[in-house]
There are 4 protein chains.
Amino acid sequence: MALDGVKEAIRVSKPYKMVSRDFKEEDTAVEFEGVTIGGGDLAVMAGPCAVESLEQCLETARAVKAAGAHFFRGGAYKPRTSPYSFQGLEEKGLEILNAVREETGLLIVTEAIDHESLALVEQVADIVQIGARNMQNFSLLKRAGRSPKPILLKRGMSATIEELLMAAEYITSEGNQRIILCERGVRTFADHSRNTLDLSAVPAVQAVSHLPIIVDPSHAAGRREQVLPLARAAVGVGADGLMVEVHCDPTSALSDGPQSLYPAQFEQLMCEVTKLAALVSKVSS
Amino acid sequence: MALDGVKEAIRVSKPYKMVSRDFKEEDTAVEFEGVTIGGGDLAVMAGPCAVESLEQCLETARAVKAAGAHFFRGGAYKPRTSPYSFQGLEEKGLEILNAVREETGLLIVTEAIDHESLALVEQVADIVQIGARNMQNFSLLKRAGRSPKPILLKRGMSATIEELLMAAEYITSEGNQRIILCERGVRTFADHSRNTLDLSAVPAVQAVSHLPIIVDPSHAAGRREQVLPLARAAVGVGADGLMVEVHCDPTSALSDGPQSLYPAQFEQLMCEVTKLAALVSKVSS
Amino acid sequence: MALDGVKEAIRVSKPYKMVSRDFKEEDTAVEFEGVTIGGGDLAVMAGPCAVESLEQCLETARAVKAAGAHFFRGGAYKPRTSPYSFQGLEEKGLEILNAVREETGLLIVTEAIDHESLALVEQVADIVQIGARNMQNFSLLKRAGRSPKPILLKRGMSATIEELLMAAEYITSEGNQRIILCERGVRTFADHSRNTLDLSAVPAVQAVSHLPIIVDPSHAAGRREQVLPLARAAVGVGADGLMVEVHCDPTSALSDGPQSLYPAQFEQLMCEVTKLAALVSKVSS
Amino acid sequence: MALDGVKEAIRVSKPYKMVSRDFKEEDTAVEFEGVTIGGGDLAVMAGPCAVESLEQCLETARAVKAAGAHFFRGGAYKPRTSPYSFQGLEEKGLEILNAVREETGLLIVTEAIDHESLALVEQVADIVQIGARNMQNFSLLKRAGRSPKPILLKRGMSATIEELLMAAEYITSEGNQRIILCERGVRTFADHSRNTLDLSAVPAVQAVSHLPIIVDPSHAAGRREQVLPLARAAVGVGADGLMVEVHCDPTSALSDGPQSLYPAQFEQLMCEVTKLAALVSKVSS
């Protein structure tokens, strides 16, 4: 049994290769109609945790579009801790997302949880999301590396920056160079937020990798009132974008209601982060 | 669009159901030829991290069998942090494991990393392992719930006990009641071991669930010299079994060499834990 | 033996009292000549980790003053992990700090590590610092509560927000109401920064307490290149001030050299955070 | 200003010196009348969290003595998170502890929280305890290094093994060689126990230091039902002793009631750990 290829592989000393600045010095910019992630714009993705109905999505989508968001986020496939929790509307959810794009012109970002859902999601989504719990689902990462769509890769709850970049390397090594990283909080002893948002991940990634990185303050906070200050902090630290949970009626949300902003709160957030982003971009360049 | 089923589901207040002692009071015992996990025996699984060759496996298997192990462990599919690391011999690895069982009579435990590998693994393995990184790969858990083979479910690196039990609930809710949990260390700031072995997980699980739970000191420690004391501690705390990495030649192992025991060390371990297990079982019953 | 008083005390159900917004609704503003902490200003404290010599301090102090800092920070008493590391110049260090104030007009913030040093520090300092390792040195906290000087209380490396506020309660319950809290990073598994800066602590504290809270990005980062982005993030999240390590010659610093900014970097930082603070104050009020 | 001594000190590259096995190869054994810590015995310290009254202490002390404990533990000075919680009976508590020794012959271990209490505690105690929150109270450590009594040094809630050993180095560098380390759990995300008992600290310390190390399962667990299994695990891992909270009436305890064993439970614990210790000592030597 020839293990030569194997022996070769384990001799590679550098942990990451193609995602490194040594491999490609200039920032990777992932381009979309109207916004570029990683090119100086502040890309904003907003919407409910889960796609619940066409009405809920359209109402929320119109609100976030009016406030200036570029992408509509919403899960059709939901990786839930409990098998008895709402698992998403699945294919019907994807149909709804399609309708949202047609109605509003917003770009769509939504999660794939396995090979089967990825095959469906990549037909609808403008960005395919790999969630934090699947950050080291290497089989799924390889499949994502063969997708024609850009991939949003969320940092696992206890992943180091090196592991995050190695997960991205799984994708890029299969051919897909359009990867957007996302910091969404790590698990610590601290109990005043659901996870501890680790904003130092942004400059740490930017120092060694050319990939863009955005921040999700909603999943980190787990509570609405921290989302706006953390979004401002994310812009301050130099993130390339934000992913924010917004729901037209948070109290009736099927998941993540307590951390979802009301549309008016999101409008305020967009107003603040837009001004900040312009200033940060000016002072720090 | 009818969300009635959905609404019903989220009304369920108890986080876990079928894995709970409220559902089934007596301990679940998973029976094999020659050993029962969860029935008072100390089940021991031993072998290399990865299946590398027939010779390596047979040599190691004969040693662990002679020392008293019940199961041979070895990965044919390896979830590795780097896409450039050895990913396992895959189907050839499964053939080798089959040969090991035929030659030695040891039962086989090996990991599945996705739907495709699970379909192959369940034809060969006596226990199908779901690794720590896949503990919340819910799609894979559901598939494992439809497998005819018992499932060894490892605790994720930052999973709470409730999340571990909910992951087991995904399996059992699909019909597979034969689940063995495994504590393998959690990620903390501590740097003297690779992960921090959380032995309080054993009584914590036993208090609320009927499922058996074993301990893997090798992945927690990450270094050979801590494996024996931690194995004794695991027996002391009341674990139903141990999973230990043993390699006939650790210095040339393709993965996890530094934490793999030499066969003579494993023999010493078996000698110590067997006596301890007999005493713990006597004093604590 | 009468334990009645004791029984009374443990009946108190609220964990904190005088530091709570329930006790005092409006923000506490700690006033100094030229700047107020907690009143809308962005107070900036800058200087070396340790007072090493009059020359080093004066050179650094002139630079940070020119850049716009309000306070000079520098340790005369250094709590070091090793007994063989430089422990500070002690009383000579305090004399140097006195000279710095006289020469530059900068206010002085410096750490006390026990009762004895506190008695000396409070004669010189404008703010007495209690460090992270002493956050639950309750004997020292009580003594600080009887000091005539404001206290800067740093969050312990694994302290919850509730524990931080209870530590402040120790101070205020002895009579000293002028307390400034400081987030400086918590200990986690993450290895790309020395500690993980937990900026959500700022809105979390502000929601329940009237005390001002500042952020120390230098000790969190442990490396120079993350300090500026994290300082911007701290302003973005709404902190009342910053504490930043600056050294006129970081490569020869006796402690914390790698995280100390060069004077020119601090000037850039001040330029950026001043503009940001003005904007944040405008958009978020 | 001459910094030569300073420069010399920071040139020292080894983090710890006198506590290292390089400095002293053979195990340090701290001898007492009837038991030696670090010499192969399993030393057991038991008693309530706090000294509440002479009656409570005597009743508990007689029970733990009858069960085979060597030391009576009980706090006269209690470092409590809240200034409004019971802070200990202080000098009256020390008088009670004195009476306990005279009545029962048990050795006394009790905590000092500052210079002032240490001066009183060392007159009464056979072992002076420095608690987890004071592990890096370097001023107190230096004072403990000049005490004629042995010091029990508890690991801080987020201390690395290196930091624990450096804290011990502070003590030994002042002249006191009789130091006993204590693992009592570290702070993690896990919520099924109050802290996560890190038993790998025992072999990790033993590998590099000659100092004895004991385990406190009570403070780690925070709940009574985990104490016995964790005590067995501590013996299994090779600890030199145990510190266990026992109260004659846990439901009325002024602190730590939920984790205090009933006397009958402690008797069961002693019965189990004594047999285990004999076996571990036999099989592992």
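Over all chains, the structure holds 8 aromatic pairs. A pair here means rings of Phe, Tyr or Trp (its six-membered ring) with centres within 6.5 Å; planes under 30 degrees apart count as stacked, over 60 as edge-to-face and the rest as tilted. Take Phe138(A) and Tyr170(A): their ring centres are 4.5 Å apart and their planes lie at 25°, so this pair is stacked. Because Phe138(A) belongs to helix 5 (residues 138-144) of chain A and Tyr170(A) to helix 6 (residues 161-172) of chain A, the pair ties together parts that are 32 residues apart in sequence. Helices (H or I, at least four residues) are DSSP runs, numbered from the N terminus. Phe138(A) and Tyr170(A) are both buried, that is, under 20% relative accessible area with a 1.4 Å probe and protein chains only, where over 50% is exposed and anything in between partly exposed.

In chain D, Phe138(D) and Tyr170(D) also form a stacked aromatic pair, with 4.5 Å centre to centre and 25° between the planes. Phe138(D) is buried, as is Tyr170(D).

Before going further, a word on conventions. This is a predicted model, in which local features need pLDDT of at least 70 and side-chain atom pairs count only at pLDDT 80 or more, while totals for chains, interfaces and linings use all residues. Residues are numbered from 1 along each chain as its sequence is written, chains are lettered from A and ligands numbered from 1 in the order in which they are written, and side-chain values use heavy atoms, leaving out hydrogens and water.

Which residue lies over the face of Tyr84(A)? It is Lys17(B), at 4.5 Å from the ring centre; the criterion is NZ of Lys or CZ of Arg within 6 Å of the ring centre and within 35 degrees of the ring normal. Lys17(C) lies over the face of Tyr84(D), at 4.5 Å from the ring centre.

I turn to symmetry. Chain A superposes on chain B by a rotation of 180° with 0.0 Å of shift along its axis, RMSD 0.0 Å, by least squares on C-alpha atoms of residues with pLDDT of at least 70 in both. This is the relation of a two-fold axis. Within chain A, Ser158(A) has the C-alpha nearest the axis, at 3.1 Å.

Finally, confidence. The model scores ipTM 0.94 and pTM 0.94. Chain A averages a pLDDT of 94, and 95% of its residues score at least 70; pLDDT is the predictor's confidence in each residue, from 0 to 100.

Technical notes:
Helix = DSSP H or I, 4+ residues; strand = E, 2+ residues; numbered from the N terminus.
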